Amino acid sequence: MSVIKEAANLNTRMREVVPLVHNITNYVTVNDCANALLAIGASPIMADDIREASDITAISSALVINIGTLNQRTVESMLRSGKTANELGIPVVFDPVGAGASAFRNEATRQILEEVKISILRGNLSEVSFVAGLNAAAKGVDVSEADSANDPVDAAKMAAKKLSCVVGVTGAVDIVTDGERVAKISNGHPMMSKITGTGCMTSAITAGYAGMKEDMWVAATAGILSMGLAGEIAWEKAGHLGTGSLRTGIIDGLSSLNETKIEEMAKIEEM
Amino acid sequence: MSVIKEAANLNTRMREVVPLVHNITNYVTVNDCANALLAIGASPIMADDIREASDITAISSALVINIGTLNQRTVESMLRSGKTANELGIPVVFDPVGAGASAFRNEATRQILEEVKISILRGNLSEVSFVAGLNAAAKGVDVSEADSANDPVDAAKMAAKKLSCVVGVTGAVDIVTDGERVAKISNGHPMMSKITGTGCMTSAITAGYAGMKEDMWVAATAGILSMGLAGEIAWEKAGHLGTGSLRTGIIDGLSSLNETKIEEMAKIEEM
Amino acid sequence: MSVIKEAANLNTRMREVVPLVHNITNYVTVNDCANALLAIGASPIMADDIREASDITAISSALVINIGTLNQRTVESMLRSGKTANELGIPVVFDPVGAGASAFRNEATRQILEEVKISILRGNLSEVSFVAGLNAAAKGVDVSEADSANDPVDAAKMAAKKLSCVVGVTGAVDIVTDGERVAKISNGHPMMSKITGTGCMTSAITAGYAGMKEDMWVAATAGILSMGLAGEIAWEKAGHLGTGSLRTGIIDGLSSLNETKIEEMAKIEEM
């Protein structure tokens with residue numbers, strides 16, 4: 001079965017199961033992440049105090065660790081929840097927002113990778129390259145010009161092998177790989193980069209799919225593909241109105257996705 | 001006068017007074033709570049540092065305590081603000097988001113109930129049942145299947161008597177009771193559960209009405225009714241577009257509510 | 001060249017440069033600030049931990065300090081980032097949200113002014129008056145009735161001279177002054193006050209313009225003007241729908257602004 005069919009089918013089944021996803025994430029895009037999860041057919045819970053981090057992870061089907069606005073308090077909770085997830089076989093999606101931009105962010109990233117087994121790493125080329133210890137010149141949370149020097153397929157594969165996890169590199173073309181299988185996704189729209197949180201939402205809904213606890217490469221492909229399709233739907237309906245409407249349209253797009261639409265619209269090359 | 005007429009009239013008067021509502025709430029839905037309060041005719045202020053919690057409560061007409069993303073720091077502020085509110089006769093609306101989901105959340109809930117006199121408790125059946133010490137099996141922040149075993153009217157009445165406050169249980173049908181009077185509200189739309197924050201917004205606008213410092217049962221009925229009506233208006237105009245548009249439509253709906261619309265659309269059975 | 005032409009031209013050039021703006025801001029309106037910055041042609045980064053505050057400021061073109069939901073932890077980061085900005089010649093925009101509403105907020109404001117050299121102060125008349133030590137009677141984050149006693153032009157000029165910075169006082173008519181030059185902006189729409197975050201977004205996009213490191217009076221005028229124009233565009237297209245749609249429309253409006261529109265729509269009296 002093609003990964004498109006598998007991803008499409010996973011969407012249908014996720015909407016029946018409604019997996020609970022624990023998000024320790026940033027306060028900038030957290031509302032969009034919650035609404036994106038609900039729209040795609042999962043259920044969000046946000047909790048970042050060390051006194052409950054482990055308890056909340058334990059009742060969830062997947063965990064997202066997103067370091068967008070990390071602080072010492074929440075880093076501790078990320079580590080605690082990550083360990084609980086590992087113990088209980090709960091998938092962990094790691095979004096290293098802005099990795100490379102500060103020593104604190106880098107040290108937190110290093111610590112998370114050292115203490116937590118990640119199932120899926122999702123970032124832009126700059127972030128993924130940094131995380132994998134490859135050449136990276138990060139400027140804030142956007143893909144820097146310097147990244148074009150790296151080939152995203154090579155970078156993603158190297159990261160996947162080094163970290164023994166599935167890696168999703170999002171950009172003009174998205175790459176999802178477990179080190180062997182590669183999905184090259186050509187969906188999405190450039191205007192999505194003019195809205196904050198498309199990356200964070202992608203990681204969140206990827207965790208929804210991962211919460212089905214099946215093939216993590218399919219889950220990551222389904223998550224990244226879903227966001228690309230939602231962006232296309234949003235652009236078609238609302239892009240001419242501006243970025244505020246596009247943002248609303250992306251949540252609308254996620255909520256309207258189903259097996260048929262995914263199969264019809266997906267542009268994935270398997271390598 | 002029927003509770004519908006009273007609620008409708010309270011809306012008109014609130015829009016004239018514009019009561020200031022202090023919210024110590026979660027960072028997931030806080031923006032929606034602020035915009036919901038403005039839309040319904042109140043004014044929001046968010047402040048959660050212990051150094052100013054009491055000062056901010058003292059200049060406000062009502063206080064919302066919402067434990068959606070509580071941490072030790074904010075719990076202290078909730079307790080401090082709650083006590084100040086009690087001393088000054090300022091109504092307190094308590095939203096025990098996810099009560100039952102973790103030991104920390106349960107302990108914070110217990111402490112708040114012990115140290116703060118609540119005016120209105122607003123939650124789903126699972127949360128209210130837990131708070132009242134009744135049978136509850138919480139799964140995150142959603143109503144669990146197990147809750148259908150409890151009759152919401154009985155559960156709400158018991159909670160109201162036990163805690164000596166008005167209780168609002170929201171769900172397919174909403175129940176508002178002070179232990180004696182019961183309003184059964186049949187407004188709203190099922191798709192509202194696919195947006196994060198409808199519960200939090202309900203608590204916030206309920207605090208707006210409570211800030212008029214009149215009958216707390218009427219205030220809670222007005223708040224919960226207003227959200228149901230906004231959901232219906234939103235569904236009618238934007239429901240077919242998706243959940244992003246529905247969310248925007250709910251704020252639009254709240255801002256368009258007035259005495260006439262409330263009287264025309266309200267479906268309340270008084271028991 | 002008129003300030004309108006200068007502001008319009010600055011918008012074009014900012015969209016080419018895409019300056020990175022570091023925001024230490026509140027969790028209520030942070031998402032709107034990020035999307036507003038992207039819409040106007042800048043790039044947002046949010047980071048408030050003391051371990052990275054200075055690093056993030058150092059890679060940015062401007063810094064926003066917004067005390068909307070300050071706490072002791074973030075105040076320290078504000079001071080640290082402010083000092084780094086001063087050392088590196090990075091403009092600092094200060095938004096004293098709710099100054100005057102609590103002793104903690106006042107003390108933080110005093111400390112920020114003492115330790116950080118501000119480039120642009122942006123607030124309502126109540127906040128600016130308080131900050132400048134003039135007569136002020138703040139009620140939460142809204143302009144109080146009492147403020148009408150002060151003439152905003154006089155208050156802004158006095159504040160600008162006292163603090164040696166550009167001052168932007170937003171209200172029905174907006175005033176921007178460096179103590180000598182005064183721009184009186186008559187754009188915007190009253191319904192904007194029914195949405196949370198219009199002030200915060202104004203400060204954020206002002207920092208985008210300030211990040212071009214040219215004339216701070218022009219930058220502040222461009223920022224405040226841009227928000228007024230976006231409000232007018234939004235009111236025209238979405239105002240009849242309600243405040244939820246108006247909020248979305250403001251981001252749409254910001255993203256649609258360009259040199260021609262700014263020149264055509266701006267109503268500025270230079271004094």
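This is a predicted model: local features need pLDDT of at least 70, side-chain atom pairs count only at pLDDT 80 or more; totals for chains, interfaces and linings use all residues.
The copies use different surfaces, as 11% of the contact residues of chain B recur in chain A.

## Where chain C meets chain A

Now for another pair of chains. Here 28 residues of chain C are in contact with 27 residues of chain A. On the chain C side, the elements that give two or more residues are α2 (30-40), β2 (43-46), α3 (53-58) and α10 (243-256). Of these, α10(C) gives the most, with eight residues.

What is the make-up by class of the side of chain C that touches chain A? It has 14 nonpolar, eight polar and six charged residues.

## A helix pair inside chain C

Helix α2(C), which also gives residues to the side touching chain A, packs against a helix of its own chain. Its axis and that of α8(C) (residues 198-210) come within 9 Å and cross at roughly 40°, which means that α2(C) is oblique to α8(C). The crossing is right-handed.

From α2(C), the contact is made by C:D32, C:C33, C:A36, C:L37 and C:I40. Their partners on α8(C) are C:C200, C:M201, C:A204, C:I205 and C:G208. By class, this contact has eight nonpolar residues, one polar and one charged.

Terms used:
Residues are numbered from 1 along each chain as its sequence is written. Chains are lettered from A and ligands numbered from 1 in the order in which they are written. Two residues are in contact if their C-beta atoms, placed from the backbone, lie within 7 Å. Helices (H or I, at least four residues) and strands (E, at least two) are DSSP runs, numbered from the N terminus. Ala, Val, Leu, Ile, Met, Phe, Trp, Tyr, Cys and Pro count as nonpolar, Asp, Glu, Lys and Arg as charged, and the others, Gly among them, as polar. Axes are lines fitted to C-alpha atoms, for helices over the stretch in contact, and angles run from 0 to 180 degrees between N-to-C directions. Angles under 35 degrees count as roughly parallel, over 145 as roughly antiparallel, 65 to 115 as roughly perpendicular and the rest as oblique. A crossing is left-handed if the near helix is turned anticlockwise from the far one by less than a right angle, and right-handed if clockwise.
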